[in-house]
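Colleague: I would like to learn how to read a few features of a protein model, one step at a time. Could you take me through them?

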Amino acid sequence: MDDFVIVKDGNTGQIIESESHPCPWENDKGKIKEVYIKDGVTKVGARAFSDCYSLTKVVIGNSVKSIGEYAFTNDDSLTDLTLGNSVETIEMDALYGISIKTLVLPASIKNLTNYSLLALWDLENIEISGSNLYQSKDGILYADGGKTLFLYPAKRKGEYTIPSNVTKIAEDAFAYSNLTKIVVPDTVTELGDGAFEYNESLETLIFGKGATSIPYCCCYYDRGLKNVTIPEGITTIEDAAFWWCTSLESVTLPTSITKITRPFEKDTKVITQNKNLIRLEDGSFTIGFYVNVAAKEMYKNTFKVLELVNKERRKEGLSDLVMDQSLLETAMLRGFENVIYWSHTRPDGEECFSANSRMMGENIATGQTSPEQVMNAWMNSSGHRANILGSTYKSIGIGCVYIQGTYYWVQCFGTDVDTSVSSSTYTDKDNTRSVLVKKDKEYYNVEIELSSNNLNVGETADISVIWNRSCIKDSGLIIQSSNPSVCEVNGERLIAKNPGTADIIMYYNGYPEAAITKHVTVRAKINDTNSLKTTQKTKTSKTNKTTQKKIAKASIKKLKNKKSKKVIVQINKIKNVNGYQIVYANNKNFKKASTVMTIKTNCTIKKLKKKKTYYIKVRAYKKTASGKKTFGAYSKVMKIKISK
């Protein structure tokens, strides 16, 4: 077909191809060599001349205003293109893959997107004149009076330094480039998504100090990229920024990085100068800090739960699950994490599945004191039961962590088996694990309190660190005194040294902005100088000693259920005590009761069951010099129904 005349649609003035309106030359696309679109046609419609692999020349008449998406896609023999002087819009991938070396755009052009001129692999020069929106200089297309570099010709090779008058790199501006090195000046303050993507020849990329963010897919599929310089001032690196950069062995991130998730391949070594920028198991990052949690790992309970799980599965004709070593370790870790933040979301802010790529399901529970209790609870919950009886699951990891009278239970389910383990390999043991916590108020669920902030010289005060109801010792909390000569810090205890005042500042390493400050006043000791005062002091001392042995009976002021599954316990304050023990259960005999230790007179009990009635009692305690607690009498029992 050497001669071809295009006749426009009489109603729309368009040349259109679609499933409902195919072009009349659809079956002859491979024969078309030249196309001349005469005046009178206003639009070349979507896919009108796509896949015309023999097409070498196109002349678009002066009446055409728009070239539709994919109009000439994959016409890789097309080397001669003339655009009429009325073209205003070139839609997505309209020229994708054509082989022109020079693109001449008319001054009428108004609407170009990052996809309009994508994948022009043989393009060496772009020309345009007389346009108020776009400019061409040195064969490169600019916008905004030269401030935005819109498109760099893909065929050009070598090294390139972006001009200093440029402040923005448009989306896909260097996509499919053949450059080996690109230098971004400090004047550039904004980079578009995919700015340097699909540059398989690019080996070196140097970012300037002007931009604060490296965008989504910035260097996606730059498989030859080996050297990347990221300066101080960059605060954000978006997802997929360096995915498929398989030659990028390592990269150094500055201290200024504060927001980053999954920009690199997992095999890329990332050197972080910000110590709080921590890489997770799945290769992603978070800004966080560590909390040390000391608890007991109850392996005997975990294998008993495995027996009960398989007992339930056999009832349904399902195969047994195998205890998997990797999933067992993950489940135990998740138990420690739940001490800090009880949720299927980890305290580092990621989904539970980020802890192990082989985990396909998770059950968690807290409060139950035996394998039978927790299995009964799970089997009476539809979602948990569905996991236990999942037909696709082959393996399981089970965690049981015991701390401060509370058990945390976890099940992690997998669809394959890596290394199976038996109960003979494990024994119950005390362990301390470092739990990563994201720097975010949502996950910073900690209360820090002093047993007293009014001391006499020589007296001490204990510091209590409470995460999610559990008092955690030696958690890594940094404790500082503004005036050690008045009040000295010794571990998690304060020692009153001399009269005066001091501020006690407490925070976790890497999160000083969340520091809690407590003001402490130290009073002078009574100075005894004669035998009369000494005798009186002795008498007083005996009296005080007798008084200390008897601790006043506690009383509950009020119980409130204002928020979902929570009760606020208000305790009438008792002088000269170190704290209170709250005991609660959903039966009046307090069978399988739970306890909460608090130094406050207002305490919130969480994770209660809706529509259940709870019985609550409280007693006060004092600590001896050795740290042992002495308790007073229990208060009168009060009850409350959880309606919210």
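Colleague: Is C218 buried or exposed?

Modeller: Before I answer, note that this is a predicted model, in which local features need pLDDT of at least 70 and side-chain atom pairs count only at pLDDT 80 or more, while totals for chains, interfaces and linings use all residues. Residues are numbered from 1 along each chain as its sequence is written, and side-chain values use heavy atoms, with hydrogens and water left out. Buried means under 20% relative accessible area, exposed over 50%, and partly exposed in between, with a 1.4 Å probe and protein chains only. C218 has a relative accessible area of 0%, so this residue is buried.

Colleague: How many disulfides does the structure hold?

Modeller: A disulfide is a covalent bond between the sulfur atoms of two cysteines; here the term is used for a pair of cysteine sulfur atoms within 2.5 Å. The structure holds zero disulfides. The closest cysteine sulfur to that of C218 belongs to C219 and is 3.9 Å away, which is too far for a bond. C245 is in no disulfide either, since the nearest cysteine sulfur, in C219, lies 5.8 Å away; C245 counts as buried, at 1% relative accessibility.

Colleague: In what order do the four strands of the open sheet come?

Modeller: Strands of a sheet pair through backbone hydrogen bonds, either parallel or antiparallel. Strands are DSSP runs (E, at least two residues), numbered from the N terminus, and two of them pair if DSSP finds at least two bridges between them. The order is β33-β40-β39-β36, with mixed pairing, and the edge strands β33 (454-456) and β36 (477-481) each pair on one side only. β36 and β39 (residues 500-508) run antiparallel and are joined by five bridges, with L477 opposite Y508 in β39.
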